[in-house]
Amino acid sequence: MNFADPRDANYIASANKSHASALAADYTALGVQLQRRGISIDEITRKVAEFRVAIPSWGVGTGGTRFGRFPGQGEPRNVFEKLEDCAVIHKLTAATPTVSLHIPWDRTDDFTALREHAAALGLGFDAMNSNTFQDQPGQPLSYKFGSLTHTDPAVRAQAVQHNIDCITFGKTLGSHALTVWIGDGANFPGQSHLGRAFERYLESMASIYKALPADWRMFIEHKMYEPAFYATVIQDWGSSLMAAQTLGPKAFCLVDLGHHAPNVNIEMIVARLVHAQRLGGFHFNDSKYGDDDLDAGSIEPFRLFLVFNELVEAELAKAPNFSPAHMLDQSHNVTDPIESLMTSAIELQRAYAQALIVERTRLHEYRIGNDVLMAAQTLKRGFTTDVAPILAQARVSRGGAIDPVAAYRDSAYRQRCAQARPGKQSLGGGIV
Ligand code: RM4
Ligand code: MN
Ligand code: MN
């Protein structure tokens, strides 16, 4: 088998050759079509090329469910190898220059070396993620019954300190945000005092907030359920917003698309958080039933488009305090994680491009005139337009691949990793 480095610019350029003329023809045709709507295709392409989304370090390994984990070949064995895979994703898609780390999964003795390794690969760091939903070997106190909201102040102090450590590591890495998601909650009615648990959360978070550097933001991530199955302390955007507003101007709400009940109107939540000036960012993924980590846009692409429609509205309106962080948060069980993450990054760009080409003046007029059908059709026209040539052209303009998955497969990167990273078979369940 012939191996090539998919991160190599010459390799990507040669992989693009066979697609170039088809892309040129498709791009021209779409340009003509959009011109009829008064839209400049190059303007849209330029905006799409500027779109960025962070890769979750935990996403490049094979995930698992409560029932089992089936490791893939050549999985990264440590954070340095995870970054190698993230660099492949970025070079091919030209959309993912940063990585979001999870501590302690990505803990290393030398964060300065990690920062240098990342820089050499052309990568930087996005938000740090703390983890107080699992116990770690050697940890003095257990999180079995909670962390930041535990009834025992000593456990809360330990969890607070862990978050402060994440900030310290993040400072070395050049990160500017901390994402806090806790699994705390109750499995049985009566297990915990719903009000007091929230008060303990606010108190713990205030101590973490105090340790934030001036140019950092704190992202509060809510999740309806799991691992707490009856009541989760930060279960929805209401609790998240209350917490952010109580903590101060550096605290924002993070919307993980998979953390809502089925059919919840997420774009509505986005609109409200924009209004409150507290939309901190996203964990993009998709979900159908209870799973919260399917590939972005794989189940409900229309919903993803509607979320981006709100983001474009806010962008055009120059909404105050609006600069949401984009992060993927997915778990890949049956696909090659690199392929899934590349595909998801592109799905986000697709939704963004579709939202950008919505004819907003017409939409506005139909709304004002209460022409419901035409308003709905005008919005949907953005979604039903095939913007693939824009996405490919945006990648090319940044040195990326016209067909990232094909270029990746042809390079045999995974096969090379399978040789270079003899993996250990791990059995049992687990989310990572
Ligand atoms: C949670 C949540 C967090 C993620 C963990 C692994 O459901 O989405 O953001 O860090 O999973
Ligand atoms: Mn998440
Ligand atoms: Mn999740």
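Helices (H or I, at least four residues) and strands (E, at least two) are taken here as DSSP runs, numbered from the N terminus. The model described below is a predicted one.

P227 lies in the loop that runs between strand 6 (217-221) and strand 7 (231-232). The peptide bond that leads from E226 into P227 is cis, and its omega angle is near 10°. A further cis bond joins I103 to P104, with omega near 15°. In this case the proline, P104, is situated in the loop between strand 2 (98-102) and helix 4 (111-120).

The loop between strand 8 (251-256) and helix 8 (266-275) contains N263. The backbone of N263 has a phi angle near 75°, which is a positive value in a residue other than glycine. P262 is also found in the loop between strand 8 and helix 8. When residues up to four places away in sequence are not counted, P262 touches K288 and Y289. Between P262 and G183, which stand 79 residues apart along the chain, the separation of the C-alpha atoms is 20 Å.

The packing of helices was examined next. Helix 1 (residues 9-36) packs against helix 2 (residues 41-49) with the axes 9 Å apart and at an angle of about 115°. Angles of 65 to 115 degrees count as roughly perpendicular, and helix 1 and helix 2 are therefore roughly perpendicular to each other. On the side of helix 1, the meeting residues are Y27, L30, G31 and L34, while helix 2 contributes I41, D42 and T45. Sorted by class, the residues of this contact between helix 1 and helix 2 comprise 4 nonpolar, 2 polar and 1 charged.

Helix 2 also meets helix 10. The axes of helix 2 and helix 10 cross at roughly 145° and come within 10 Å. The crossing in which helix 2 passes helix 10 is right-handed. I44, K47 and V48 are the residues of helix 2 at this meeting, and Q349, Y352, A353 and L356 are those of helix 10. The contact of helix 2 with helix 10 has 5 nonpolar residues, together with 1 polar and 1 charged.

Helix 10 (residues 337-356) is likewise paired with helix 3 (residues 79-93), the two axes coming within 10 Å and crossing at roughly 40°. This angle makes helix 3 oblique to helix 10. The crossing of these two helices, helix 3 and helix 10, is right-handed. From helix 3, the contact involves D85, V88, I89, L92 and T93, and from helix 10 it involves I338, L341, M342 and I346.

Leaving aside neighbours within four places in sequence, H117 is in contact with F80, L83 and E84. The C-alpha atom of H117 is separated by 10.0 Å from that of E81, a residue 36 places apart from H117 along the chain.

The volume of the largest cavity is about 40 Å³. The residues that line the largest cavity are L257, N285, D286, G297, E300, R303 and L304. By class, this lining of the largest cavity is made up of 3 charged, 2 polar and 2 nonpolar residues.

How values were computed: Residues are numbered from 1 along each chain as its sequence is written. Chains are lettered from A and ligands numbered from 1 in the order in which they are written. This is a predicted model: local features need pLDDT of at least 70, side-chain atom pairs count only at pLDDT 80 or more; totals for chains, interfaces and linings use all residues. Side-chain values use heavy atoms; hydrogens and water are left out. On a 1 Å grid over the protein atoms alone, a cavity is a set of points where a 1.4 Å probe fits but cannot get out, and a pocket is an open set with protein on both sides within 12 Å along at least five of seven lines; lining residues have an atom within 4 Å of a point. Grid points are joined across faces, edges and corners, and a volume is the space filled by probe spheres set on the points. Ala, Val, Leu, Ile, Met, Phe, Trp, Tyr, Cys and Pro count as nonpolar, Asp, Glu, Lys and Arg as charged, and the others, Gly among them, as polar. Axes are lines fitted to C-alpha atoms, for helices over the stretch in contact, and angles run from 0 to 180 degrees between N-to-C directions. Angles under 35 degrees count as roughly parallel, over 145 as roughly antiparallel, 65 to 115 as roughly perpendicular and the rest as oblique. A crossing is left-handed if the near helix is turned anticlockwise from the far one by less than a right angle, and right-handed if clockwise. Contact means heavy atoms within 4.5 Å.
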